[in-house]
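Subject: Structure handover

Hello,

Here is the structure for you to look through. Please open it first, then read my notes below.

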Amino acid sequence: MKALIIKRLLILIPMLLVVSLMVSLLMSLAPGDPVSQFEMMPDVDAEYLQRLRQEFGLDQPWYMQYFHWLGQVLPFSYHPDAASFWQRFDFRPNFGFSYYYRTEVWDLLVQRMPATILLSLTSLVLAWVIAIPLGVLAAIYKDSIFDRISQMLAYAALSIPEFFLALLALVFAAKTGWFPIGGFTSVEHDFLSPWGRFLDIAHHLLLPTIVLGIGGVAGVMRIMRANFLDNIRSEYVVTARAKGLAEGAVMFRHVFRNAINPLITAAGFAFSSILSGALLVEIVMNYPGIGQLVYNALLQQDAFVVQASVLMSVIMLMIGNLLADIALAMNDPRIRYD
Amino acid sequence: MIRVSVMTSSMFKELLRRPAGLTVFIVLVLFYLVAIFADFLSPYSVTDQDLQHTFHPPTALLWKDGGLHVQRYEMQSRDLSGYTPVVGEGSPLRFFAPGYEYHLLGLVPMSHHLITVDGPDRLYLLGSDQVGRDIYSRLLHGTRISLSIGLIGIAVSMCIGFIVGGLAGYFGGAFDNIAMRLTEFLMAIPGLYLLLALRGAFAESFTPTQMFFLIVFILSFIGWSGTARIIRGMTLSLRNRQFVMAAEVMGQSSWKILWKHVLPNVFSYLIVAATISIPGYILGEAALSFLGLGIQDPSVSWGLMLSQAQNPQVFMEGYWWFLVPGLAIFVTVISFNVLGDVLRDIIDPKQKFLRS
């Protein structure tokens with residue numbers, strides 16, 4: 001297990017290097033730079049823009065910019081003239097400075113990452129909590145009315161574009177006024193009690209979670225049903241029944257634990273589509289996560305923010321897959337990673 | 001290639017024998033007919049705007065003087081865009097009458113349309129948008145993008161996937177290693193993030209045709225990796241089968257073996273994998289256009305039309321007809337999803353290679 005974790009984290013290093021190199025190249029291919037939007041303004045003189053470009057290093061070729069960025073990014077820097085001993089060490093990665101938001105990219109990420117991680121996790125949990133019982137019931141009562149209807153609903157849920165669903169949710173929120181339109185917290189969040197803060201965040205999180213979770217429910221349900229059906233037909237079920245085991249014990253102690261294994265692997269893969277879906281939901285529902293950040297940064301050609309957000313999405317995906325593998329090993333003692 | 005055509009035709013017959021397969025097949029054929037005859041079916045061109053009729057609700061039809069008429073409406077106030085029907089007034093509808101000029105299939109010049117209005121009133125079967133363009137006409141034209149992007153996209157990515165996967169599986173070694181690392185790399189980035197980063201490399205404005213092919217290129221670039229990995233796995237197992245070994249012993253070239261022995265054996269898989277991945281392309285284009293990074297106004301796509309629904313006025317006033325393109329995307333995607341599932345059931349009933 002330890003070997004697996006170390007190996008995965010080591011793979012992450014070359015992966016991040018290649019991804020960051022690619023994003024740098026792509027961002028440099030785009031015509032114009034963050035400064036060029038000021039060229040249109042009549043009261044900004046060209047000399048000032050030239051100085052800005054020099055200051056940001058935008059006049060250098062892209063690979064020089066990339067190596068400059070790479071040289072600074074490592075999450076450790078030493079400040080010998082800081083006041084106290086501990087302040088001399090800085091463990092924050094230096095992702096550069098955002099041209100558009102006028103702040104450190106790292107600070108932006110620290111603000112936005114928790115919102116996206118929270119949204120992804122809640123919708124994953126929602127999908128599992130609803131889909132697993134439904135999938136099991138659909139498999140046990142195969143070909144019943146319930147099975148047919150849930151299969152049809154699953155098709156429908158899989159086929160609705162996330163941004164369309166998000167739009168519908170927005171209309172719903174605007175019409176009823178039951179839910180806030182966008183945001184992660186309300187204005188008075190800081191003045192609330194801890195319990196009030198929790199409820200406030202939950203209130204803002206509910207609609208995006210449902211929108212993002214619905215596609216997941218359908219996917220998980222279909223996999224669960226198929227796996228359960230596979231396992232119901234296997235011989236150990238016949239053995240267990242022949243031993244005189246109660247039907248509930250056969251289903252839940254034997255079939256269920258076998259059927260859930262592929263689902264854990266699938267959860268690792270699903271994480272990729274959840275992050276993609278979260279990006280759309282965040283943009284449409286104005287939820288301040290990392291997806292909204294990367295979209296706005298792209299429109300503003302804020303290269304460092306795009307760079308850092310894409311890297312963060314890769315890290316989140318890798319860690320999601322790693323956690324899925326660990327969970328798989330915990331559920332299935334046959335799996336060994338050494 | 002005879003075997004391949006026999007295989008696909010028997011697959012096709014089996015598809016039509018199943019109720020779900022037959023239903024979605026008919027739906028998709030209808031959609032493709034709409035895409036081809038969009039100009040004939042729509043009363044207005046996609047750019048035909050009328051600033052006197054912005055945010056117009058769907059018009060009612062009435063029967064008067066022995067013919068169908070479109071209801072006349074009176075604007076209540078300029079800023080509210082509210083309309084009240086004028087009782088008993090309207091303009092007659094003409095069928096197969098000449099309207100704006102277009103080219104059928106891009107070749108035959110024509111000007112006849114299924115329905116046109118003879119008079120000052122405008123026919124809005126599904127309402128109008130913020131510059132008074134007919135949403136129904138735009139919806140029909142949007143079919144073209146959504147239904148063609150999937151086909152062209154999978155054609156490109158299936159070719160790349162087969163060539164890379166087939167070569168990697170057949171030759172192994174360094175090429176295999178590099179190709180597989182490349183696919184892992186592409187899969188390590190969440191799809192839409194990669195899509196946005198790739199899109200970021202290109203300029204904002206293109207001609208509509210250039211934009212269409214740019215989107216196809218980007219989506220195929222992301223899409224080929226999954227196919228390549230599965231084809232590689234299948235080729236690896238095929239390589240040790242006797243007929244491939246026999247061909248090798250007989251001195252057939254590697255290309256010929258890939259073409260004559262491997263391709264026919266993975267062909268049915270390719271068709272199913274292609275069908276299953278079509279919705280991804282349709283949704284990808286719709287998402288890009290919705291975000292303002294794909295097809296741009298004044299040309300038309302369903303995703304672009306949906307982005308107009310983000311206008312606050314639209315959902316505060318409840319202009320539901322702006323959401324109809326979403327329904328169109330939904331119906332198209334669900335049809336391809338069902339089609340893919342039915343085909344998979346036919347070809348790979350045990351789901352050995354293709355899992356949902």
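How many salt bridges does the rule find across the interface of chain B and chain A? The rule finds one. A salt bridge here is a side-chain nitrogen of Lys or Arg within 4 Å of a carboxyl oxygen of Asp or Glu. A:Arg222 forms a salt bridge with B:Asp341. Their closest N and O atoms are 2.9 Å apart.

Some ground rules. This is a predicted model, where local features need pLDDT of at least 70, side-chain atom pairs count only at pLDDT 80 or more, and totals for chains, interfaces and linings use all residues. Residues are numbered from 1 along each chain as its sequence is written, chains are lettered from A and ligands numbered from 1 in the order in which they are written, and side-chain values use heavy atoms, with hydrogens and water left out.

**The interface**

The contact (heavy atoms within 4.5 Å) takes 44 residues from chain A and 43 from chain B. The size of an interface is often given as the accessible area lost when the parts come together. Between chain B and chain A, about 3900 Å² is buried. That is the loss summed over both parts, with a 1.4 Å probe. Carbon and sulfur atoms give 77% of the area. B:Phe185, B:Tyr193 and B:Phe315 supply 19% of what chain B buries against chain A, more than any other three residues.

**Chain B**

Chain B has 12 helices and four strands. These are DSSP runs: helices are H or I, at least four residues, and strands are E, at least two, numbered from the N terminus. The C-alpha atoms of chain B fill a box of roughly 85 × 45 × 35 Å along the principal axes. Of the 356 residues in chain B, 52% are buried. Buried means under 20% relative accessible area, exposed over 50%, and partly exposed in between, with a 1.4 Å probe and protein chains only.

**One residue to look at: A:Arg112**

Find A:Arg112 in helix α4 of chain A, residues 105-140. A:Arg112 is buried, yet has no salt bridge. The nearest side chain of opposite charge is A:Glu282, 6.3 Å away. Lys and Arg count as positive, Asp and Glu as negative; His and the chain ends are not counted. What does the side chain of A:Arg112 reach at 3.0 Å? The backbone oxygen of A:Gly289. Leaving aside neighbours within four places in sequence, the residues in contact with A:Arg112 include A:Tyr101, A:Pro288 and A:Leu293.

Best wishes

Note on methods. A polar contact is a pair of N or O atoms within 3.5 Å; within protein, one must be able to donate a hydrogen and the other to accept it, and residues adjacent in sequence count only if both atoms are side-chain atoms. Buried area is the accessible area (1.4 Å probe) that two parts lose on being put together, summed over both.
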